[in-house]
Structure formats: C-alpha cells, structure tokens
Amino acid sequence: MATKRSGGGHPVTRQAAKFLGVSVLSGVVLAGLALPGIGAFGLVAKGSMEGFDEIPADLRTPPLSQRTTILDAQGGEIAKVYSRDRTVVPLDQISPYMRKAIVAIEDSRYYEHGAIDPKGVLRAINRNAQSGGVSEGASTLTQQYVKNVFVEEAGDDPDKVAVATQQTIGRKIKELKYAVQVEKELGKDRILNNYLNITFFGQQAYGVEAASQRYFSKHAKDLDLGESALLAGLVQSPSRYNPVLAPKEATKRRNTVLQRMAELKDITPAQAAAEQAKPIRLTVSRPKSGCITAVDGAGFFCDYVRNVFLTDPVFGKTKEARAKRWNEGGMTIRTTLDPQTQKSVQKSITDHVYQTDPVATAVSIVQPGTGKVLGMGQSRPYGFGENQTQINFSADHSMGGSSYGFQTGSTFKPIVAAAALEQGTSPYQTYPSPYRMPYPDSVEKCKGTWENSEGAMVSNENRSESGPYGMREATAKSVNTYFIQLIGDVGICPVTKMAAKMGVKPADGSKMEQVPSIALGTEGMSPLTMASAYATFANHGTYCTPVLIESATGPDGKALRVPKSQCSRAMSEQTADTVNSLLKGVVEDGTGKEAGLDGRDSAGKTGTTDERRAAWFVGYTPNMAGAVWVGGPGAKGVDMENITIGGVYHDKVYGADTPGPIWRDAMNGALDGRDAPTFTPSAADDSSTGTGAGTGDDRTGTGQGTHKPGTGKPGTEKPGGGAHKPGHNKPGSPKPDPLPGLSIPPGVIGGTGNEQQPGQQGQPGQQGPQEQQ
C-alpha cells in the first residue's frame, strides 16, 4: 500500500497524478525530463512530487555578473575586471540572424508553445524508449533559461553549481514550475533576451555580446548569418564545438544550424548553401580579465582597488556581501591614479631596476592634504610567471602586501624628531653622539619601563661620525647614537603615539614594539604607509588616510558610496615646519643629496638596514610625497653588497644611491609642468645652528641585525647610558626662536579632526622581517 505524507497528505502515486494533471492543464508535460520510456514515472522517488506544492512561486533572478571598468583620475581605462565576462545588451542590439538561429537550433517551436513543448516531450520519450537510455531531452528555451539562472546564482561555488545542474527529478520539477512563472511574467521576447545574455558560449564569454567580441571582435548587433549560426551552435557544447580549438566540429555544427534555419524558412536554401560553403573566419580577441591587463604598470594599484572594495564596509556590511557585489560587477570605478605620475613612476622603476634583478623596488606617491594615491608601481610585474608576483610590495599584508613589510631604517627618525619637538624638545638640542655607545639604562614605555638588561650597544656607520651633534646635523648625517639618546629622553610612548597619528603601523597589522630600537627603523612597514606619513609633514602636520577611489557607479548608472579620506591633526604646524626644515637639509647637503630636485623645494630621508636587506628614500614637496623601497622580494632577503642593480654595480647599497635616484626621477616626471610651492621657513632654518656636510650612512647600526620578528630585543649587544631628560639643552645651546605658523594653503584639504589612537605594534626585530612569497 502506498505511503502517505505526515499531516494527511496524498500518497505518492496520487501526488504524481496530481502533478501530471497540473502539468497538462498548464501546458507543462514533464518537459526536458529526458526519461527513458514510458516506465519513467516509476523513477519518481518519494519526496520528489511531495515537494511540488512547497516550491516557491517566485523565481528570484540574481543580477547578471558583468565586467567592471576601472578608470584613472582623467577617465582613461586602467583595466576591465570581471568574475564572468559579460555585457548585457537589449534584444534590439542583437542581430536578427542571431535571434532566429538560437531559436531554430534550441527550440524551434518556441513561439508556439508555453513553458514546455508537449510535442517535444512526447518525441523525447519515444526516442528514449527506442534507445533504451537517455538520448534526447526536451527542454525549452524557457527551461534552459531557468537552469542558467540557478547556475548564475551558484556563482563560483562548485558545490552550489553541482546542485544547480544535477540531473534529478526534483530539480527538473522545480525548473518546470519556475518556467511556468517566467512565461507568464516576462513573455517570449524578454525570455529570449535574458537567455541570450545569460548563456555561456565558451572561451570565458557569458552572453552573446561577450561571445561576439571574443570570436569576431564585433558587437552582437553586427553579427552576420554565418557568425550567428556558429554562436548558436556553441550553446549545446561550448567545448566540443569550440571554433578556436575544434574548427572542423564547429563547422559541422554551424552547418547544422544553417540547415535547420532553412527547414524553418528563416532563410532560403540558397542562403544556407552559400554560408555552408564558407570556411569559418574568426577575429579572436583574447580574454582580458583582471588587473594583470592594467596599463602603465598599474596592476598593483588595480589590485589594491579590488582589496579596498572587498574590505571596506562602505561597500557592504559583510565580506560575503562585498564579494557578491564585486563579482556581480557592471560597475565603473574612477580612481585617484594620475596618469602622468603613474607613467613617471613606471619609467623610473624600469630605468633603475630590472625585472630580472635579484632585488625589487616599489614606489608609492600620494597627494598631501587629500590622501589621494597618485601612483603605485614595482619592478616585479603583476602576474604568475618567472620574476612576476601577485604580492603588492607597496601595501600592507591585509591589502595584498608582503607578510611583514620591510624595515624602514633611518626613514623612521623624522617621526622620532616630530615626537620630541611636540614634547618641547628644542630643534637645537645637542647630544655627545659618540661613534659607539650603550643603549640607555632605562626608557619609559606607555606602560612601565624598558630596561637595558643585556647591555646592548649602538653605533654609527662610520667612526668619523662622532659628536656632539645638533638635531639638524644629526638628521642630515643620519646619526644613530643621536636618535637613541633622543628617544631615551623623550620616551618610547610619545614616539609610538606620534607614529600612530601619522598612520604608521607595522605592515602585518600588529602593534609597534615598545623598545628604543624603533628609533632606528626596526619595524616592517609598507611604502604606501611611509609615503602617507611623510605627506603629514608636507601638509603642515595634518595626516590624511590614503584613498584610491574617487567615485563609482553601479550597473544601473547610479552613484555608489565610496570611502573618503579621514584627516586629523598629528602635530602642530610649527613642528611640521621644523621637520620640513630638518629634512630639507638631508637633500641639500646630507645623505640624500642624490635625490634632490632642481628648481623646487624638496625634503626627505634615506634609510638602510643591517645586512643592507632594505634601502629606502622617502621624500616630498609641498604638493606630492613618495616612498621608494629597494630590497629582496623573497622570504630569505638579499644582502645588497657586491650586487648589480639595473645594470649598475654597487659594492654596498645605500638609501641615497639607489632608492634616491628612483625617487628623484619619478618625482621629476610627476611634477613636470606643475606648480612649485615652497616650504614655510622655520627657526631650524637658522644657519647658525650648522648642518655639516653629511656623508655618513644611515644604517640602523650594530646591534640591529640578528633577532627574528617578535623578539622584542633591541639588538645583540648590550644597551645602556644616554641619560638626558626630555627638553633639556646642553650647556651653550641657543634657545629656539618662535616658529611661525602657516595655515593650510588654498586647495590643500585637511582639518584638525580627532586625533587617532596610538598605532599598532609590530616586530622590534633587529633583522628585517622577511617577506613570504
């Protein structure tokens, strides 16, 4: 005896009969089931028919995924990215030949039947019964459209795709019910239009417009008869009839479509014969998907835009919502990338560092006052081949960058200087600054005190570098012992708080270590972080978070919300102007002379780490700030001694001799033809303070090279000493004059805002954290 559903439902056999009755009355006679013979009804498993009443009446059609176009600041195309290459077009923008061809070969009675074709079902059942298997289906275009909707909704999830395409009675029944619905709601022409836009045509092309562009490099509205027949024939099996890989099979299939069109009197027999006699002529446009196709080396900038979209809550509350929106695509995203700046960045990179060199370089340029990222590039191109990478050396790890970033060396020293000035230290502060000295015995942290329990030592690069030095000369010469004495007086906490307010945080997202060796740049940072931090000096002490997206529109042309730069005051204008003066000395007669710009004010700082595994130059003008890193791109790093980079031999690499010229050439091209504003004078410009010619190196000094990330130790040698209190001047040091302030000039954006919280901590590591490929 037949079983019954719980709750008093009908037996399965009666439920099947009910479904058949409903199907016949609706014109839905098990279309497309492809059942082997009349005994097929015995295949209806318990539960398949029982669920018919519970199938929702509404088919929720997901938006069709389309290409997203990423533009530069002037509207030029950077790249097209897509989950599925598709451009939706209306029916009147599809060739009439194409419309007739797809109907002729897939569902010739399309305009005569309802959601299913009863004749087609009977024919399929008869032929399947004769063959003893499943040799023919009877799915109408409407049913095929519904199935494609299920596949589209599944996206790239293989499990969901398998469910959407499984050959089960239950799925076919669900497909049938929805087919009835869409026939009633959409009508034949709209269903045909939707079908032609959703169907897969092979070669990564979804929809007829993308297929037309892929195989013939033309719009779908311009397809001729033979081209239309070829594309219509692909739908049944895009791989088997691929005209690129299987031209003979594709020709046979095209001719079958033409023959069928002639039988239906869509074309004359003479037209069919004439087209059948022609060989297939393709004009193939290769698939171009993603940031790998970006122009002017902007692949990593493009990838950063994608990461912003996938991580910023402005584009969706959850990561799933953001990913879905990105994959649906159809957007136009206008970015901050300045074409002139990007071209200059890429040219400078290729002029100075070769793709095949054992080391790599990365460059980021931002606009002070707005946070706009104007240029971003690196010597290892975006890709998967040899000497290519998908790691963005300019970015933090969370945005596609290296695992730990790169030790900044002496480019961190201006942050120490800024923290000291904010605490009341005079810009004329002098220290003995011997060639070699112990770290301070103890230094105040945000909580507690750092103790020099191991007696570690710090030294300068050259024995000739022995003080006393003032702040200006110590900055120009990059004197390690001066800045260790300075942080010893100021304390670690004001320095890490200043770094945080300038947006400086370790690239791995950790907190900055509370150790005095951070003054020498032992933390791993990204070039974009450092460029944005130095832009704070150029912007009179106001930091602005970096932004890459100017505006965006959705598939409907409506504007989308985009992230905005957040500006906040990090230091007083007086402090910023004083640091500007100190760093002008670096490029005028200090370690950064090779990076100086002609005809405009510029400032900056060199940096080189132990074992010379990283070399930096970070600099700026009043209207542009940029950071250049050079170093080993892999996990093991590269000791940059006795090395050839860009065809130039170096016995030792310094921040001045490789990153410096890269920065100079990139900035010269980026600023060509643009305004040349000047820095505001400060008391530190007083020549009586003396600068001294700076020829020394800027390494982090001995005691900075053996510990792994996270050890928290300042070095391998014993620190101690350094006992001056914050703000105390050495006897005879002149008192600072009042430093003039200056309002932010017109056109420079940046308000006081709320100060940020202290930055996050990272590896104190004395040996640069190495990137993982």
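This is a predicted model: local features need pLDDT of at least 70, side-chain atom pairs count only at pLDDT 80 or more; totals for chains, interfaces and linings use all residues.
A cavity is a set of grid points where a 1.4 Å probe fits but cannot get out. Rolling a probe the size of a water molecule over the atoms shows where empty space is left.

- Who lines the second largest cavity? One stretch of the lining is Val366, Gln367, Pro368 and Gly369, with Gly371 also taking part. Ser532, Ala535 and Thr536 join in, and so do Thr542, Tyr543 and Cys544.
- Two elements, α19 and β14 (542-544), each give two or more residues to this cavity's lining.
- By residue type, the lining of the second largest cavity has five nonpolar residues, six polar ones and no charged ones.

- Now for the second largest pocket, which has a volume of about 680 Å³.
- Which elements give two or more residues to the lining of the second largest pocket? They are α12 (299-311) and α19 (527-538).
- The pocket lining divides into 14 nonpolar, 13 polar and five charged residues.
- Domain 2 (327-406 + 533-681) and domain 3 (409-522) each supply at least three residues to the lining of the second largest pocket.

**Rings with rings**

- A pair of aromatic rings is described by the distance of the centres and the angle of the planes.
- Searching the whole structure turns up 17 aromatic pairs.
- One of them joins Phe200 and Tyr206, with 4.7 Å from centre to centre and 35° between the planes, and it counts as tilted.
- Are the two partners buried or exposed? Phe200 counts as partly exposed because its relative accessibility is 32%, which falls between the 20% and 50% cut-offs. Tyr206 counts as buried because its relative accessible area is 19%, and buried means under 20%.
- Elsewhere, ring pairs tie Tyr534, Phe537, Tyr620 and Phe679 together into a cluster.

**Charges over rings**

- Lys188 lies over the face of Tyr110, at 4.3 Å from the ring centre.
- Arg612 has its charged end over the ring of Tyr654, 4.5 Å from the centre of that ring.

Conventions:
Residues are numbered from 1 along each chain as its sequence is written. Side-chain values use heavy atoms; hydrogens and water are left out. On a 1 Å grid over the protein atoms alone, a cavity is a set of points where a 1.4 Å probe fits but cannot get out, and a pocket is an open set with protein on both sides within 12 Å along at least five of seven lines; lining residues have an atom within 4 Å of a point. Grid points are joined across faces, edges and corners, and a volume is the space filled by probe spheres set on the points. Helices (H or I, at least four residues) and strands (E, at least two) are DSSP runs, numbered from the N terminus. Ala, Val, Leu, Ile, Met, Phe, Trp, Tyr, Cys and Pro count as nonpolar, Asp, Glu, Lys and Arg as charged, and the others, Gly among them, as polar. Domain bounds come from an automatic or database domain assignment. Rings of Phe, Tyr and Trp (its six-membered ring) pair if their centres lie within 6.5 Å; planes under 30 degrees apart count as stacked, over 60 as edge-to-face and the rest as tilted. Buried means under 20% relative accessible area, exposed over 50%, partly exposed in between (1.4 Å probe, protein chains only). A charge sits over a ring if NZ of Lys or CZ of Arg is within 6 Å of the ring centre and within 35 degrees of the ring normal.
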